[in-house]
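The sequence and structure are shown first.

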Amino acid sequence: MSKSSPSRPGGKPAKPGLPSKPANRGPHQVRIIGGQWKRTPLPVLDAEGLRPTPDRVRETVFNWITHLIDGNWEAVSCLDLFAGSGALGFEAASRGARRVVMVEHSGPAVRQLEANRDKLKAATLAILRGDALAAAQNAAQREPGGFQLVFIDPPYHQGWLEKVLPACQQLLAPTGLVYAEAEFALDGADAPAWMQAWEVVRADKAGMVFYHLLQRKSGARIEA
């Protein structure tokens, strides 16, 4: 899918520069990497613009998270704001997250997520159909500090991170983590102004995609 292809709220366009999926796995499956469902393949909706975070990126990110939380996944409530294929949320649930809430805008994608949840009998996993920004704002009001981990893997070139991160300040626990994918680096000299409240604790690049773990800076003002 080209960079100019249309996107939908809560959906994901194809990500430029990422490696293709291994030849030994069908093009519309995601494989869980770790935890109780390790190596389990899950069907992914055959829809233009829906592409899971690649295995090697997921493995790196979950190694980072596991290290930073000292392996204590049982204490983690996770919010996946742009669920898409569910690759990130199912991975967190597989590793023992206490609760995983997936948010997805597309009806067909939601139905596929529900089918995969039922296949795994994932009792700790909830799926909500709706807009990512509204879901983040609602969670911030309803459960301030109630989540330890938020995944933000949004469509590119639509300003989603700038919109969603302020709500994450409120819904995250004080030492909570945000995983964010973007088409540009969120740290360094060219970091955007809206990153001032956030510290990049881990970061890497795969092809033309930048991925990061963020944590709220100590003393940062929480935006209402």
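The sections below treat aromatic pairs, salt bridges and a hairpin in turn.

## Basis of the analysis

The model is predicted; local features require pLDDT of at least 70 and side-chain atom pairs count only at pLDDT 80 or more, while totals for chains, interfaces and linings use all residues. Residues are numbered from 1 along each chain as its sequence is written, and side-chain values use heavy atoms, with hydrogens and water left out.

## Aromatic pairs

Across the whole structure, a search finds 6 aromatic pairs. Rings of Phe, Tyr and Trp (for Trp, the six-membered ring) pair if their centres lie within 6.5 Å; planes under 30 degrees apart count as stacked, over 60 as edge-to-face and the rest as tilted. One of the pairs joins phenylalanine 82 to tryptophan 160 in an edge-to-face arrangement, at 5.1 Å centre to centre with 75° between the planes. Phenylalanine 82 belongs to the loop between strand S3 (77–80) and helix H2 (87–94) and tryptophan 160 to helix H5 (residues 160–171), so the pair ties together parts that are 78 residues apart in sequence. Helices (H or I, at least four residues) and strands (E, at least two) are DSSP runs, numbered from the N terminus. Phenylalanine 82 is buried at a relative accessible area of 0%, and tryptophan 160 is buried at 7%. Here buried means under 20% relative accessible area, exposed over 50% and partly exposed in between (1.4 Å probe, protein chains only).

Phenylalanine 151 and tyrosine 179 also form an edge-to-face pair, with ring centres 6.1 Å apart and planes at 75°. Phenylalanine 151 lies in strand S6 (residues 147–152) and tyrosine 179 in strand S7 (residues 172–182), so this contact ties together parts that are 28 residues apart in sequence. Phenylalanine 151 is buried at 0% relative accessibility, and tyrosine 179 is buried at 0%. Together with Phe62 and Trp73, Phe151 and Tyr179 form one aromatic cluster.

## A charge over a ring

Tryptophan 160 has a further contact: lysine 163 lies over its face, at 5.0 Å from the ring centre. The criterion is that NZ of Lys or CZ of Arg is within 6 Å of the ring centre and within 35 degrees of the ring normal.

## Salt bridges

The structure holds 6 salt bridges, each defined as a side-chain nitrogen of Lys or Arg within 4 Å of a carboxyl oxygen of Asp or Glu. Arginine 58 and aspartate 55 form one of these, their closest N and O atoms being 2.6 Å apart. Both residues lie in helix H1 (residues 55–68), 3 residues apart, about one turn of the helix, and both are buried. Glutamate 91 and arginine 95 meet in another salt bridge, at 3.2 Å from N to O; both of these residues are buried. Arg31, Asp55, Arg58, Glu91 and Arg95 are linked in a network of salt bridges.

Arginine 99 and glutamate 143 meet in a salt bridge at 2.9 Å, N to O. Arginine 99 lies in strand S4 (residues 99–104) and glutamate 143 in the loop between helix H4 (132–142) and S6, so the pair ties together parts that are 44 residues apart in sequence. Arginine 99 is partly exposed at 23% relative accessibility, and glutamate 143 is partly exposed at 23%.

Tryptophan 198 stands opposite arginine 216 in S9. S8 and S9 form a hairpin with 2 residues between them, and glycine 207 in the turn has a positive phi of about 65°.

Notes. Two strands pair if DSSP finds at least two bridges between them.
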